[in-house]
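Subject: Structure handover and notes

Dear colleague,

I am handing over the structure below, and my notes on it follow. Please keep it open beside you while you read.

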Amino acid sequence: MTRLLVEDITKEFPTRGEPLVVLRGVSLELASGGNMAIVGPSGSGKSTLLNIMGALERPTSGRVALDGQDLGELDEPQLAAFRSRQVGFVFQDHHLLPQCSVLENVLVPTVAVGRTSAESIDWAKLLLERVGLAGRSAHRPGELSGGERQRVALARALVNRPAVLLADEPTGNLDRTTAERIARLLLELQQQEQMMLVVVTHNARLAGLMSRQFELDEGRLRQMNDGG
C-alpha cells in the first residue's frame, strides 16, 4: 500500500523584516484509497501546503515522502518526473490549452512522460466517457461550459494514473449544482482508482464528503474529525 508522509513541515518566506512563517510543524499521513479535506481562512497556507505535497515547492524544513522516497533528496529533473508520474493536480482554474481539443488536453501529461501510446489514448477516451464527455472529445475548451472544462481537467489529472490527486478549490468557480456534481465525481473516481486524494476547499459540502477534515490556521494543522 502506497503511503504519503508529511512530517513536521515548516515554510517561511523572506520579507524586509522578519520572515513570514506560513506553515508551522505540519504533519499528516495518507494511504492508498484515503482522502482528506483541508479547510481554513484565506492566506492560511492551504495552497502552499498542497504545493509542497505535490513537489511544486520545497519546504523550509521537514520532509515529504511517498512510498519511502524523500522528495527532499530529488533534484529538479527528478522532481519534475515525480510530479508527472505520481501526482495529479486539479486547480480552481482549469488551465486547459485553448488551441487543443478536449482529448488532446487530457493527453498533455502523457507527453511529459513520453508515453502517448495507443493504450494511453484509449485510457483518455475512457476517462472522458467516465466524466460524461465522450461526445465532446473533439471540441475546444472555449466551446464548453465551466463544469465541462473542470471535468476535462479532472480527466487530465487522472490520465497518468497518479498515486496522489491534489485538488485546490476544484469547485470554486462553479455554481452550486455543478459544484456538487464535480465533487461527487472527484470522489467517485478517486475511490475507483484507489488514489490518495487531498482537497483544499472553502466549500463545506465538498469537505464533508471526505473521510477526514483538517483545519489549517496560523500555520498549524488540526484534525476536525476521523472517519466521518
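To begin with the charged side chains, E7 forms a salt bridge with R63, and the closest N and O atoms of the two are 3.3 Å apart. This pair links distant parts of the chain, since E7 sits in strand β1 while R63 sits in strand β4 (residues 61-66), 56 residues apart. Please bear in mind throughout that this is a predicted model.

With a relative accessible area of 37%, E7 is partly exposed, and R63, at 27% relative accessibility, also counts as partly exposed. The two residues belong to a network of salt bridges in which E7, R63 and D70 are linked.

Strands β1 and β4 pair in the antiparallel sense over 5 bridges, and the bridge partner of T10 is S61 in β4. Strand β4 is also joined by 2 bridges to strand β5 (residues 69-70), and these two strands run antiparallel. Here L66 stands opposite Q69 in β5. The hairpin of β4 and β5 has 2 residues between the strands, and within this hairpin D67 takes a positive phi near 55°.

How many salt bridges does the count come to? The count comes to 10 salt bridges, and two further ones deserve a description. E29 forms a salt bridge with R3, with the closest N and O atoms 3.3 Å apart. Because E29 lies in strand β2 (residues 20-31) and R3 in strand β1 (residues 3-13), this pair ties together parts that are 26 residues apart in sequence. E29 counts as partly exposed at 38% relative accessibility, and R3 counts as partly exposed at 42%.

E193 lies in helix α6 and R130 in helix α4, so the pair ties together parts that are 63 residues apart in sequence. E193 is partly exposed at 26% relative accessibility, and R130 is partly exposed with a relative accessible area of 25%.

At 1.5 Å a residue, the 13 residues of α5 (residues 146-158) should span 18 Å, and its end C-alpha atoms are 19 Å apart, which agrees. Is this helix mostly covered or mostly uncovered? It is mostly covered, as 11 of the 13 residues of α5 are buried. Among these buried residues are G147, E148, Q150, R151 and V152, together with others including L154 and L158. The buried residues of α5 pack against β6 (87-91), α3 (102-112), α4 (118-130), β7 (164-168) and α6 (176-193).

Finally, there are the aromatic rings, for which the count comes to 1 aromatic pair. The rings of F89 and F91 have their centres 5.7 Å apart and their planes at 5°, so the pair is stacked. F89 counts as buried at 16% relative accessibility, because buried means under 20%. F91, by contrast, is partly exposed, with a relative accessible area of 26%.

With kind regards

Notes:
Residues numbered from 1 in each chain as written. Predicted model: local features only at pLDDT ≥ 70, side-chain atom pairs only at ≥ 80, totals over all residues. Heavy atoms only, no water. Helix = DSSP H or I, 4+ residues; strand = E, 2+ residues; numbered from the N terminus. Expected span 1.5 Å × (residues − 1). Buried < 20%, exposed > 50% of the residue type's maximum accessible area, 1.4 Å probe, protein only. Contact = heavy atoms within 4.5 Å. Salt bridge = Lys/Arg side-chain N within 4 Å of Asp/Glu carboxyl O. Pairing = 2+ DSSP bridges. Phe/Tyr/Trp six-rings, centres within 6.5 Å; stacked < 30°, edge-to-face > 60°.
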